[in-house]
Amino acid sequence: METSNANLLEVRGLTKTFGTLKACDNIDLTIAKGEIHALLGENGAGKSTLVKMLFGTLEPNAGEIRWDGQPVRIANPHAARKLGIGMVFQHFSLFDALSAAENIALSLDDKTPISTIAAKAKALSYSYGLPLDPYSLVGDLSVGERQRIEIIRCLLQAPELIILDEPTAVLTPQEADKLFETLERLRSEGKSILYISHRLEEVKRMCDRATVLRHGKVVGHCDPRKETAASLARMMVGSEVQAVVRSPAEGSDRAAVLLQVKNLSRTPATPFSIPLRNVNLEVKAGEVIGVAGVAGNGQGEFFEAVSGEVRQAAAGTVRIRGKDAGNLSITGRRLLGAAFVPEERLGHGAAPRMKLSENLLLSRYATDRKAFLGAAGVIHDGAVASASQRIVQAMDVRKSGTDPEAASLSGGNLQKFIIGRELDRQPAVMVVNQPTWGVDAGAAARIRQSLIELARSGSAVLVISQDLDELFEISDAIAVMHNGEMSKPIPIAEATLEKIGLLMGGAEPGHVEHVAEPA
Ligand SMILES: Nc1ncnc2c1ncn2[C@@H]1O[C@H](COP(=O)(O)OP(=O)(O)OP(=O)(O)O)[C@@H](O)[C@H]1O
């Protein structure tokens, strides 16, 4: 039986509206001391809005928050921290040119000397099994190590409640395991954790209770350990989530190579970027090739070179539909029939302050001139609006208003719109970096299925992803990037998690070929 003393946080009737949209609608939530509590919900369900109110970055319109039985007002993150609430954000807020300890010092309010902070951070990091060298420069660290800094920074303030927003999205399976050990340890010390994740298997594994949101309302509570990933997804979405079907790639041996990367090398543009070393890769019509790798091993640099965000001097390093494209701009490559979806949605994938229809026009006016522009460059508003509507429907994009600004969409819904915008063109070559990052189970299945279908209709699809399950689900072969080098693609029938994991960790391909198949 729970008594009110056992509860650390109680939320009653919390409501937040944006215009006419109730992003959080009368939400009740109770977090007990010493529990890991999952907050689940499809994209746009209101999870981020809720935790922003708990961390003091958004002010509720109505409702009450009780902390250890007492009503509180959390006016800003400083007040949240003082109360004992810490948050590890999905997007890191660290300075590359500073050390781990200096970054931590910036978030502390007192004037403790760096050497003391470094010693404390190091001791804490080792005691929680997340070892950290406090004097290492952030720019030299992997994404997993950067996340450790964020976690240690949070733990140094001895919070009673730690909010984690999709903490494993950027981690390797091994790093995620380490994080789970740390969370279990925190739980055993009586700390509470509010855990947001779209990865339902890890929610089942880690969490004691779950609260499920849909359209801003609480639609259920459950013990995730007693559920299946499918039943959790059903609670979130309100209906059965379709499994992804990968039809066999037909005749791909004889098919045309639509995207070719040939002897691509790049010297690092900044002290913190990874050089590319003689990368070779081909994607044929009809197939999906996956690129796996721990974040920060050159995938970003590879995407920039393939998409034309950074051009090469040698035109032949990237060939699209048989034409040299290495020295072309993004638009030049798009005119050859390619489409690109970058990892970073706001700013790169979409202009945040522009409406969805304006974003559509911005990315497609050159390639779809006839459809969207008249003779004197007059915009066919109707055509743009109906294309925008078509994409919203095809990808089930949830939003407030008919044509809102991109920045007002929840992360996952903006991703659905951007992918839909490119798929709508039926590109001959599609290159996507992290296609379902932050996307809920139902929408992720839809995006993955669309990528397979695009390939089977005759296009070449290249998917860079840190989600190995995703790559195994959709790829016909998987290549691995490590330290700026690309392995040969391993056909999916021969690929195992162990082989790919070893290559991700830097094992020699020759060694991996001898790894036994699992029994
Ligand atoms: N600043 C804002 N202005 C207008 N609408 C907003 C704003 N912030 C969020 N919304 C809307 O509120 C709803 C809830 O968004 P929220 O970011 O909380 O969802 P979420 O559950 O965290 O989704 P995701 O899993 O995609 O991150 C969405 O429909 C979103 O478009």
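**Close-up views: ligand shell and domain contact**

**View 1. The shell around the ligand is sorted by residue type.** The shell residues divide into 5 nonpolar, 13 polar and 3 charged. Here Ala, Val, Leu, Ile, Met, Phe, Trp, Tyr, Cys and Pro count as nonpolar, Asp, Glu, Lys and Arg as charged, and the others, Gly among them, as polar. This is a predicted model: local features need pLDDT of at least 70, side-chain atom pairs count only at pLDDT 80 or more, and totals for chains, interfaces and linings use all residues. Residues are numbered from 1 along each chain as its sequence is written.

**View 2. Which residues come nearest to the ligand?** They are Ala 23, Asn 43, Ser 48, Ser 410 and Gly 412, out of 21 residues around the ligand. A residue is near if its C-beta atom, placed from the backbone, lies within 6 Å of the molecule. Strand E2 (21–32), helix H1 (47–54) and helix H14 (411–423) each supply at least two shell residues. Helices (H or I, at least four residues) and strands (E, at least two) are DSSP runs, numbered from the N terminus.

**View 3. The ligand shell lies between two domains.** Domain 1 (4–237) and domain 3 (346–425) both give residues to the shell, so it lies between them. Domain bounds come from an automatic or database domain assignment.

**View 4. Domain 2 touches domain 3.** The assignment gives domain 2 as 244–337 + 427–519. The centres of domain 2 and domain 3, taken over C-alpha atoms, are 26 Å apart. The contact takes 15 residues from domain 2 and 12 residues from domain 3. Contact means C-beta atoms, placed from the backbone, within 7 Å. On the domain 2 side, helix H10 (330–335) and helix H15 (441–456) each supply at least two residues. The largest share, 5 residues, comes from H15.

Notes:
Contact = placed C-beta atoms within 7 Å.
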